[in-house]
Amino acid sequence: MVKSNIEEYIVDLEDLCKMFRLPENIVIEHTEVSEGNLFQDKFVYHEAEQRTEYNFSFTLNDEFTALHKKSYRKRMVKNFLYSILSKKLNKNLPWGSLTGVRPTKFARELIAYGEMKEHLVSEMLQKDYFVSPEKAHLVAMILKNQKGIIRNDNLVDLYINIPVCPSRCLYCSFISSEYSMVKDKLESYIDAMIKELDAVKDIMKERVYLVRNVYIGGGTPSVLSAEQLDRLLSQINFPITEFTVECGRPDTITREKLQVLKKHKVSRISINPQTFCEATLKRIGRKHKVGDVLNAYGMALEEDFIVNMDIIAGLPGERFATFKKTMTTLLELSPHNITVHTLSVKNGAQLKDNTQLLSEKDITKMIDYSQKTLLENGYKPYYLYRQKNQLCGLENVGYFRDEYLCAFNIDSMEETNTIIGIGAGAISKRVYNLEKKITRESNAKFIEDYIARIDEIIDKKKIFFK
């Protein structure tokens, strides 16, 4: 348990304690007293009848902006708690004291604040935030590969959400409905999305927004029929740079659907095997076979799509040898992008009740092997994000070969551009680059609610972008 007299610290301090797997019988108390720019902090570590007190202080620079001061204070407090827990538990975390979703964005902000030189990113993340050499070097590589980021408050990305899947995977915690449960509502859902899209077109015209990238995700958007996809995509007629549609489940992909996507100038799709082990596919609730992945991939290349493939390290029942075979097959296919996920065991997933299937022994070995092997085979890391409850406190990394990086993934992870969300569960993020702030507006989470409340959702979106 963590207690603090500064409410804004609680979540980050709790996250840090969870990553250390702090025993439940240990209580951490934090207090902070400030006088001007001088801050004096105290942590009290309670374990059984023992009580240990730790004190430290730090001073803020007068030239810091208010936002910088807030960020710096929280970082100093987290760093000190990390030092305490690391020594007490004799344990180091791969990402050190960093608890956020976007380590690369964090590093980029430190560079902007003048706290870090770009050529010293790796060194300073290790020195100042206890990040491991391997992870610090990964951040430096990704920043280098992300050159060409465009920050323009009039350039926006469009995200359309189809939260429907053929079946629910064992590890999934997304708000996504099984196709059999909502198939009768999909026509009405498409009607509502088109209505919201029409309203968004008016907003963009008023705000003088230009759409840079379109991304249709989920869920599995390719569960829609060819006719339904055609009806939705015919409403997307912007002169865009990149158009991506997730087709994650290979058993939803047909030649007819791919031709509909190509007709509407979709440039890239995802086909996500997760693993090339049939026993694991069955165990995690995916009904497709390895052959389905190979067939879908072959059709996608014939139709000239850029293809991303996802795999997951740490799936239940798998060991390093199985993961290595998946990597070997993946490299033989040589997709344009590869995303390597570390399994995240979330509360909303069925896997949460099946933890006896899990083994963390080989997870770090899997992730290290994937990075080493992909780099050796000409792939480069270009985006990175972390999730709560990821095994071993690790991460998800996207790699690209040649020049086939996905601009939307960078925009989304680095939060450099406004994203307008359409559909159930979609979140709009309005980025103000000059003011260095982001505001968010969420749509209704469930398809039924979204359909029923579409007029209300449109009214809220108009106010949000006014």
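Helix α8 (residues 226-233) and helix α9 (residues 255-263) pack with their axes 9 Å apart, at an angle of about 10 degrees. Angles under 35 degrees count as roughly parallel, so α8 is roughly parallel to α9. Keep in mind as you explore that this is a predicted model.

**Where the two helices touch**
- On the α8 side, the contact is made by Ala226, Glu227, Leu229, Asp230 and Leu233.
- On the α9 side, Glu256, Lys257, Val260, Leu261 and Lys263 take part.

**Leucine 261 and the nonpolar cores**
- Leucine 261 touches Leu229, Leu233, Val245, Cys247, Val266, Ile269 and Phe305, leaving aside residues up to four places away in sequence.
- The largest nonpolar core has 106 residues, and those touching the most other members are Leu158, Leu261, Ile269, Ile271 and Tyr450.
- Helix α7 (residues 186-207) gives this core its largest share, eleven residues.
- Another core, of 26 residues, lies apart from that one, and its members include Tyr9, Leu22, Phe58 and Leu60.

**A hairpin to look for**
- Strand β3 (residues 38-47) and strand β4 (residues 50-59) run antiparallel and are joined by ten bridges.
- To find your place along the pair, look for histidine 46, which stands opposite arginine 51 in β4.
- β3 and β4 form a hairpin with two residues between them.
- In the turn, alanine 48 has a positive phi of about 55 degrees.
- Here is a handy idea for viewing strands: in a regular strand, side chains alternate between the two faces of the sheet.

Technical notes: Residues numbered from 1 in each chain as written. Predicted model: local features only at pLDDT ≥ 70, side-chain atom pairs only at ≥ 80, totals over all residues. Heavy atoms only, no water. Pairing = 2+ DSSP bridges. Helix = DSSP H or I, 4+ residues; strand = E, 2+ residues; numbered from the N terminus. Axes fitted to C-alpha atoms, helices over the stretch in contact; angles between N-to-C directions. Parallel < 35°, antiparallel > 145°, perpendicular 65-115°, else oblique. Contact = heavy atoms within 4.5 Å. Core = buried A, V, L, I, M, F, W, Y, C linked by side-chain atoms within 4.5 Å. Buried < 20%, exposed > 50% of the residue type's maximum accessible area, 1.4 Å probe, protein only.
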